[in-house]
Amino acid sequence: MLEKVQRFLLITLLLMSYRLSAQVQIGGVEEQIDYANPKEYEVAGITVTGVQFLDESALITLTGISIGDKIRVPGDDISDAINNLWKQGLLADIKVIARKIEGNLIFLEFALAERPRLSKFSFKGVSKGEADKIREKLQLVTGKVITENLKQNTVNRVKEHFIDKGFLFTDVEVTTEKDTTILNSEIMTVSVSNKKRIKVNEIKIAGNTEFSDKKVRRKMKGTKEKGFYKIFTSSKFNETAFETDQQKIVDAYKDKGYRDARIVRDTFYRVSDKTVNVEIDIDEGRKYFFRKITWVGNTKFPSTMLSQLLDINPGDVYSQQKLDQ
């Protein structure tokens, strides 16, 4: 019973919080519009304040409210307008103010605060040459709006850069600070740490009967186990190479008659700060054989000659590679 009461109170507080965020204030007057008694008004004017870079008319269009519209205040129209603006990811604060009410006419003001824009960015924990390579991939430009999405995309792209180089578990952090020299601008810093090259400790294979574990591993040219005796091969883990190797395994099976072969599960997991284990589960499927081959549309050469050139006989193991050749 107590848990139900607590849940009810939590939901009530959340609803109150949402309603307050969409509240319309009467400019220059202490009074606020009564939530208990919604009224319908005709929008007689809409203004936007507080923006420097964004187009005011475009913002008004985004609200979904136009002059002459009938809206209920308080009501969903104002809440929807706020949500429409929030979804753009360009604003840090939104307030809707009723500057004037004359009878059934209402004059709305959208008091907005823009998100800061990027003035410059730098890197910590990487060399200048490495920073230049990353800079090309990020494509960050001065004046770009700094959003949480932009920060996360920056983190993801920097991590992908190092994953491709074998640094699988690199830590990347994006921080910003106010640029006092440019209005409403911030400086971004991309910090890189724990940059360690990751190697493959062990490759575990399951579901294989046609090929031994050793033969399957040989197909994986881009994913090699580390070992003191493998001094001339690289055991650096690369996720893209790992995906390519899986296709090579499937192709090898198809060449041996297993045309339905597939990788049903693949994963890699951390063993230490410098190594991962790789696991692959194979579903070989059934083995196929060529049964009968017929020729259609040949007028210049007889079927017997074409079959001789094809060099595939009934009973031969199905080979995708041989058929393609």
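A residue is called buried under 20% relative accessible area, exposed over 50% and partly exposed in between, with a 1.4 Å probe and protein chains only. The model is predicted; local features need pLDDT of at least 70, side-chain atom pairs count only at pLDDT 80 or more, and totals for chains, interfaces and linings use all residues. Residues are numbered from 1 along each chain as its sequence is written, and side-chain values use heavy atoms, without hydrogens and water.

Asn238 lies in the loop between helix H6 (213-219) and helix H7 (239-254). Helices are DSSP runs (H or I, at least four residues), numbered from the N terminus. With a relative accessible area of 14%, Asn238 is buried. Its side chain reaches the backbone nitrogen of Thr240 at 2.9 Å. Beyond neighbours within four places in sequence, Asn238 is in contact (heavy atoms within 4.5 Å) with Ile163 and Asp164.

Helix H3 spans residues 76-86, and its buried residues include Ile78, Ser79, Ala81, Ile82 and Leu85. They lie on the same side of H3, because they cover an arc of only 160 degrees around the axis. The arc is that of the directions from the helix axis to the C-beta atoms.

Helix H4 (residues 128-138) and helix H5 (residues 148-164) have axes that come within 10 Å and cross at roughly 130 degrees. Axes are lines fitted to C-alpha atoms, for helices over the stretch in contact; angles run from 0 to 180 degrees between N-to-C directions. Glu130, Lys133, Ile134, Lys137 and Leu138 of H4 make the contact with Thr154, Arg157, Val158, His161 and Phe162 of H5.

Technical notes:
Helix = DSSP H or I, 4+ residues; strand = E, 2+ residues; numbered from the N terminus. Polar contact = N/O pair within 3.5 Å; in protein donor to acceptor, adjacent residues only side chain to side chain.
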